[in-house]
Amino acid sequence: MIDLSRRRMFKLAGTLAVSALAGARAQAPAPSSRMRLILLGTGGGPTPKKLRSAPAQAIVIGDATYIVDCGNGVARQMAMAGLPFKSIQDIFITHQHSDHNADYGNLLLLAWATDLAHPVNTYGPPPLVNMTRLFLELNDYDIQTRIVDEGRVPLAPLIMAHEFTTPGLVMQDERVKVSSALVNHPPVVPAFAYRFDSADRSIVISGDTTPSDNLIRLASGADVLVHEVMHLPSIDKLIAAEPNAVRLHEHLLAAHTTCEQLGVVAQKAGVKTLVLSHFVPGGIVLDDATWTDPVRANFTGQIIVGRDLLEI
Ligand SMILES: [Zn+2]
Ligand SMILES: [Zn+2]
């Protein structure tokens, strides 16, 4: 066309500029669309701790936040990380132990009481649907009061809980694909690990597990693996005086992963970066080398000792 108005030419130029930008993004995601990982809580077990908050991770892509596990304090940790509650897109629970789900409902309730007013999908093993229903019932007085008093939209229709018991694709949207693997964490069945694949990288969250071939397959070639870890010699020292010390030791070995075992898992999976988290013991100070040396014996990639609010 030869008679394009000045205004239309500007518009066309603008469209081309946007297309060029979109092309550039496809090759190398702009910082705003990069998949960020923020460790919200890194202490394993249900006991509240001075040093570490309970297990929770935020995976942030642009203005969307995906939460994996909702240990006690997850909402406060989001605030500490500067993540807006209205950015919550989906919530994933690895397994139904209280260090991973204690604040599942509270995160939704407190986010809604702040600024969350859009639908949120939640995913996890049973009884996630019943937990969601009962939580809404438990807090009905506060919810109804705020609807009337503050003009908030009803909370229940915003929460869509999805239970699943078999591994595979969990969800996919325009930003990310999330898949799961069954891990081994007796007596809790099922327990899942999650893998997030976006345009720029892949992140795997182990949940709680013994060394797991399913997890190794899920994490194969991943950029980042966040894996639970326990330091057995330190645990044995802490529980030595307990009458059930032997049983506790056996339980931990039957359900969790030692530093040495973790190095083997990460090496077999071939991950680039291994992030230690869900520390047991998580309530005492141990220097980084105590955690990394036994892992390093079996793993040649990068090792990061997780801490609350660390961004990776
Ligand atoms: Zn745990
Ligand atoms: Zn657990």
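This is a predicted model: local features need pLDDT of at least 70, side-chain atom pairs count only at pLDDT 80 or more; totals for chains, interfaces and linings use all residues.
## Close-up views

**View 1. Helices α4 and α6 cross in a left-handed sense.** A crossing is left-handed if the near helix is turned anticlockwise from the far one by less than a right angle, and right-handed if clockwise. Residues are numbered from 1 along each chain as its sequence is written, while chains are lettered from A and ligands numbered from 1 in the order in which they are written. Helices (H or I, at least four residues) and strands (E, at least two) are DSSP runs numbered from the N terminus. α4 packs on α6 (residues 140-150) at about 15°, with the axes 11 Å apart. α4 is therefore roughly parallel to α6. Angles under 35 degrees count as roughly parallel, over 145 as roughly antiparallel, 65 to 115 as roughly perpendicular and the rest as oblique. Axes are lines fitted to C-alpha atoms, for helices over the stretch in contact, and angles run from 0 to 180 degrees between N-to-C directions. From α4, L109, W112 and A113 take part in the contact; from α6, D142, I143, R146 and I147 do. Contact means heavy atoms within 4.5 Å. By class, the residues of this α4 and α6 contact are five nonpolar, no polar and two charged. Ala, Val, Leu, Ile, Met, Phe, Trp, Tyr, Cys and Pro count as nonpolar, Asp, Glu, Lys and Arg as charged, and the others, Gly among them, as polar.

**View 2. Helix α4 (residues 104-114) packs on helix α5 (residues 128-138) at about 50°, with the axes 10 Å apart.** That angle makes α4 oblique to α5. Their crossing is right-handed. Y104, G105, N106 and L109 of α4 meet L128, M131, T132 and F135 of α5. Five of the residues in the contact of α4 with α5 are nonpolar, three are polar and none is charged.

**View 3. The axes of helix α8 (residues 232-239) and helix α9 (residues 245-255) come within 10 Å and cross at roughly 155°.** α8 is therefore roughly antiparallel to α9. The crossing is right-handed. On the α8 side, the contact holds L232, I235, D236 and I239; on the α9 side, A245, L248, H249, L252 and L253. Seven nonpolar residues, one polar and one charged make up the contact of α8 with α9.

**View 4. D99 (OD), H100 (NE2), D208 (OD) and H278 (NE2) coordinate the zinc ion (ligand 1) at 2.1 to 2.2 Å.** Donors are N, O and S atoms within 2.8 Å of the metal (3.2 Å for Na, K and Ca); water is not among the atoms, so sites may look incomplete. Angles among the four donor atoms run from 91 to 161°, which makes the arrangement irregular. Four donors count as tetrahedral if all angles lie between 85 and 135 degrees; four count as square planar and six as octahedral if opposite donors are over 155 degrees apart and all others between 65 and 115; anything else is irregular. Along the chain, the donors of ligand 1 are spaced D-H-x107-D-x69-H. D99 sits in helix α3 and D208 in the loop between β10 (202-205) and α7 (213-218), so the pair ties together parts 109 residues apart in sequence.

**View 5. The zinc ion (ligand 2) has H95 (NE2), H97 (ND1), H185 (NE2) and D208 (OD) as protein donors, at 2.1 to 2.4 Å.** Its four donor atoms give angles of 92 to 161°, and the site is irregular. The donor spacing for ligand 2 is H-x1-H-x87-H-x22-D. H97, in the loop between β4 (88-92) and α3 (98-101), and H185, in strand β8 (residues 177-185), link distant parts of the chain, 88 residues apart. D208 bridges ligand 2 and the zinc ion (ligand 1), and the two ions lie 3.4 Å apart.

**View 6. The peptide bond from P126 to P127 is cis, with omega near 5°.** P127 belongs to the loop between β5 (120-124) and α5.

**View 7. A cis peptide bond runs from V280 to P281, with omega near 5°.** P281 is placed in the loop between β12 (273-280) and α11 (288-296).

**View 8. D69 is not a glycine, yet has a positive phi of about 75°.** D69 is found in the loop between β3 (64-68) and α2 (74-81).

Definitions and conventions: Side-chain values use heavy atoms; hydrogens and water are left out.
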